Amino acid sequence: IQLNDGSNLSGLQVIADEKLENYEEISKLSTGAALEVWGTLVESQGRGQDFEVQSEQVLIRGTAPGEEYPLQKKGHTLEFLRDIAHLRPRTNTLGAVFRIRNTLSQAIHRFFQDRGFLYVHTPIITANDAEGAGEMFHVTSLDLEQLPKTKAGKVDYDQDFFGTDVSLTVSGQLGAEGFALAFTNVYTFGPTFRAENSNTARHLAEFWMIEPEMAFMDLQGMLVLTEEFLRELLKECLDRHEEDLAFLQKMYDQELISGLKHICDTPFETLTYTEAVKILENSGKSFEFPVEWGCDLQSEHERYLSEVHVGGPLNLIDYPKDIKAFYMRLNDDEKTVAAMDVLVPGVGEIIGGSQREERLDVLDERMDAHLKEELWWYRDLRRYGTVPHAGFGLGFERLVLYLTGMENIRDAIPFPRVPNNAAF
């Protein structure tokens, strides 16, 4: 019997012979059955494993009807497995992915906790759109069949549960900033939501974000921290998941392990956005999206810079202010902001962040009247004991994707939420 409890890839071989009372019943079991085994762990006489269990008692706790069981002893496509997301954790591939995801989660908490960061649970329901994207899931207790309306014919949110229009959060950053100005170094690690109707291999409607915020921190200091952060997470997984990574490399990405080791062993280079645009313009390469100063760099540009120009991890800094959020600190040239992205080969951007604008007068110039009114409390943070501070965001599933060699982000989260799919 090949038995697996999910703790590793290879499982455990169990020898069940005719001495067992229920041998006939056991011999008819098929893939998917659940067993409880009592026996002695012995050195294996067969090939393929170092030890095995010589069973003394095998209790059948749950059967799986042979041909009806969706996971047969054959290869299944990842697309097929997404349709049975409740069973796919039992497969070798998804088992490896979710063991690595677990280790990454632990390592993230350990990294920040060992450095004295405070873990903050920021709100999931919010009245603030931190990114300014407007693609948010609305939350309401109103009867959608009989919505109350104002005289102007709009939904009367005064009658809603919170007395205002609220949504699921796209980021915990703004709240984390408030805590950073009380506890110095903090981080969030929680679910975030985007109502972007995008059916691609890189988008989810529900995903997890790691967002540290640090008082008395500038952009250069944050570059040091993000490099240390990524390197420590990768080393943890390389040390603890040799078997899982070897399997994923064999199945999906022939250069997975060497690529991860390369990031661990290679110092991160740094380029300004302006330097990067010149490199792209002079590359002689025909990009799908044209490049000029002031444009938002696309994945193809980021990957060219990290894979071809640098051949390793890259920090990209000082982006044009007009393509970045209002809260990013304006540089002395008044054309760029102290923003940063960390780019890695095979993925492109994996971390994005900035030094935050701590000067109230400069912040006000970048906020419209509506935003100033909505974020009055955020402005207060600049009125009462403001300090230079910085923070970054890392999409957890994108990190899992990078570390496992998976190509579709739906295979990096247990139950993916995407357009027209919330079945599980």
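The dialogue below goes through the chain as a whole, then its sheets, then its surface.

Q: Before anything else, what kind of model is this, and how are residues numbered?
A: This is a predicted model, where local features need pLDDT of at least 70, side-chain atom pairs count only at pLDDT 80 or more, and totals for chains, interfaces and linings use all residues. Residues are numbered from 1 along each chain as its sequence is written, and side-chain values use heavy atoms, with hydrogens and water left out.

Q: How many helices and strands does the protein chain have?
A: Helices (H or I, at least four residues) and strands (E, at least two) are DSSP runs, numbered from the N terminus. Here the protein chain has 13 helices and 15 strands. Its C-alpha trace spans about 85 × 60 × 45 Å along the principal axes.

Q: What share of the 424 residues is buried?
A: Buried means under 20% relative accessible area, exposed over 50%, and partly exposed in between (1.4 Å probe, protein chains only). In this protein chain, buried residues make up 45% of the 424.

Q: Now sheets. What is the strand order in the open sheet of four strands?
A: Two strands pair if DSSP finds at least two bridges between them. In this sheet the order is β1-β2-β4-β3, and the pairing is mixed. β1 (2-3) and β3 (34-43) are at the edges with a single partner strand each, so one side of each lacks a neighbour in the sheet. Further in, strand β2 (residues 12-15) and strand β4 (residues 51-62) are joined by two bridges in the parallel sense, with Ile15 opposite Gln54 in β4.

Q: And which strands are at the edges of the three-stranded sheet?
A: That open sheet has the order β6-β8-β7, with antiparallel pairing. Its edge strands are β6 (125-126) and β7 (138-139), each of which pairs on one side only. Two bridges link β6 to strand β8 (residues 166-168), and Thr126 sits opposite Ser167 in β8.

Q: How should I think about a strand that is mostly covered?
A: Start with the side chains: in a regular strand they alternate between the two faces of the sheet. Then look at strand β10 (residues 206-215), where eight of the ten residues are buried. Nine bridges join strand β9 (residues 185-193) to β10, running antiparallel, and Thr188 faces Glu211 in β10. Five antiparallel bridges connect β10 to strand β15 (residues 389-395), with Met214 opposite Ala390 in β15.

Q: Why is β12 described as largely enclosed?
A: Because six of the seven residues of β12 are buried, the rest of the structure largely encloses this strand. As for its pairing, strand β11 (residues 269-272) joins β12 through four parallel bridges, and Thr272 has Ile317 as its bridge partner in β12. β12 also pairs with β13, antiparallel over six bridges; there, Pro320 stands opposite Thr336 in β13.

Q: Over to the surface. Which residues form the patch of negative charge?
A: Patches are made of residues with over 30% relative accessible area and no salt bridge: like charges are joined within 9 Å, nonpolar side chains (Val, Leu, Ile, Met, Phe, Trp, Tyr) within 5 Å. A salt bridge is a side-chain nitrogen of Lys or Arg within 4 Å of a carboxyl oxygen of Asp or Glu. The negative patch gathers Asp332, Asp333, Glu334, Asp361 and Glu365. Asp332 lies in the loop between β12 (314-320) and β13 (336-344), and is exposed at a relative accessible area of 77%.

Q: Which residues form the nonpolar patch?
A: Ile124, Ile125, Phe161 and Phe162, with about 410 Å² of accessible area together. Ile124, in the loop between β5 (118-119) and β6, is partly exposed at 38% relative accessible area.

How values were computed: Accessible areas come from the Shrake-Rupley method with a 1.4 Å probe; for residues, only the protein chains shown count as cover. Lys and Arg count as positive and Asp and Glu as negative; His and the chain ends are not counted. The place of a charge is taken as NZ of Lys, CZ of Arg, CG of Asp or CD of Glu.
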